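Student: I would like a close look at a single part of this model, taken slowly and with its surroundings kept in view. Please answer in one connected account.

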Amino acid sequence: MSQSYNRGLIEDFGRWREFSAGMWAWVFHKFTGWVLVGYLFTHIAVLSTALSGAAAYTGTIQTLEGLLVVRILEVGLLAVAVFHILNGLRLLMIDLGIGLESQDKSFYASLILTGAITVASVPTFIAGAF
Amino acid sequence: MAERYSSFRPGGRRWLWQRITAAFLAVVLSFHFFLLHFVYHADEVTFALSSARMESWTYYSLMILFLITATFHGVNGVYNALINQGLTGTKQTIVKWTLVVASAILIVQGVRTANAWAGISIL
């Protein structure tokens, strides 16, 4: 059964040794959320080169995609997005009252699935970078 | 014992809209990644290819809705995380309106970019 309790300010990271799986899921979800919202603003800024014309846009994207560091960052972005999506679906289920008692197991499953999808995607993301 | 961790007050409007946009984004963000990295490849991107996709009204509408929901979901998430951190009073009001303005700029810029690809010259 679900039980609410006064946990104080949730960002009290000094207590990290006491964190349960649910708390780690919350921390990772928050971290990946900050990364994704930061990326959203960066993404639109880069895509906005389309406003300067076809050559500026194509040149910018192809220059960026030619950098190995950008390809590696894209793999990182994929990992962040996949975890945020999987853990978000897990949160939706929990909010609907499904799987609250096994939330630690579903968190570990989210982590494993994120790792598997990310590793499997590396060849596609790195293709043509060398 | 199971505990519920969230930055949101359950049952509130901000919580509800965060969940509704999350359900939409889980599908559309997955589609976006799959289309632009697995069907097409990032290093093959050109203006002409982006234009060809954006000239389809279905794709254009989906991307505009994607932009609006992603902006709302991201900014609402940041706002609630800051409230959960203890943000109140005047600071909360300043942060709220800063986020609203940043969101509006992001959406306008995103729509202008989509219009450039689609060949629409109204904004």
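Tutor: The model is a predicted one, and what follows is computed from it. The largest nonpolar core has 23 residues, of which A50(A), A81(A), V82(A), I85(A) and W117(B) touch the most other members. At least two residues of this core come from each of helix 1, helix 2 (54-65) and helix 3 (68-95) of chain A, and likewise from each of helix 1, helix 3 and helix 4 of chain B. The largest share, six residues, is that of helix 3 of chain A. As a general background, nonpolar side chains tend to be buried together in soluble globular proteins.

Turning to helix 4 of chain B itself, this element has 30 residues and spans 43 Å from its first C-alpha to its last, which is close to the 44 Å expected at 1.5 Å a residue. Its buried residues are L106(B), G110(B), T113(B), A114(B), A116(B) and W117(B), and they pack against helix 1 (21-47) of chain A as well as against helix 2 (47-54) and helix 3 of chain B. Just after the helix, G119(B) adopts a positive phi of about 80°.

The packing against helix 2 of chain B can be described in more detail. The axes of helix 2 and helix 4 of chain B lie 7 Å apart and meet at an angle of about 95°, so helix 2 of chain B is roughly perpendicular to helix 4 of chain B. On the side of helix 2 of chain B the contact is made by S50(B), S51(B) and M54(B), and on the side of helix 4 of chain B by A114(B), W117(B) and A118(B). By class, the residues of this contact comprise four nonpolar, two polar and no charged. W117(B), once its neighbours within four places in sequence are set aside, is in contact with S50(B), S51(B) and M54(B), and also with A50(A) of the other chain.

Among contacts in chain A between residues at least 6 apart in sequence, 76% join residues at least 24 apart.

V78(B), found in helix 3 of chain B, counts as partly exposed because it has 19 C-beta neighbours inside 10 Å, where a buried residue needs 20 or more. Leaving out residues up to four places away in sequence, V78(B) touches V37(A) and L99(B). T88(B), by comparison, lies in the loop between helix 3 and helix 4 of chain B, and T88(B) counts as exposed because it has 9 C-beta neighbours inside 10 Å. The C-alpha atoms of T88(B) and A104(B), which are 16 residues apart along the chain, are separated by 23 Å.

Conventions:
Residues are numbered from 1 along each chain as its sequence is written. Chains are lettered from A and ligands numbered from 1 in the order in which they are written. This is a predicted model: local features need pLDDT of at least 70, side-chain atom pairs count only at pLDDT 80 or more; totals for chains, interfaces and linings use all residues. Helices (H or I, at least four residues) and strands (E, at least two) are DSSP runs, numbered from the N terminus. The expected span of a helix is 1.5 Å times one less than its number of residues. A residue is buried if 20 or more other C-beta atoms lie within 10 Å of its own, exposed if 12 or fewer, and partly exposed in between; C-beta atoms are placed from the backbone. Two residues are in contact if their C-beta atoms, placed from the backbone, lie within 7 Å. Axes are lines fitted to C-alpha atoms, for helices over the stretch in contact, and angles run from 0 to 180 degrees between N-to-C directions. Angles under 35 degrees count as roughly parallel, over 145 as roughly antiparallel, 65 to 115 as roughly perpendicular and the rest as oblique. Ala, Val, Leu, Ile, Met, Phe, Trp, Tyr, Cys and Pro count as nonpolar, Asp, Glu, Lys and Arg as charged, and the others, Gly among them, as polar. A nonpolar core is a set of buried Ala, Val, Leu, Ile, Met, Phe, Trp, Tyr and Cys residues joined through C-beta atoms within 7 Å.
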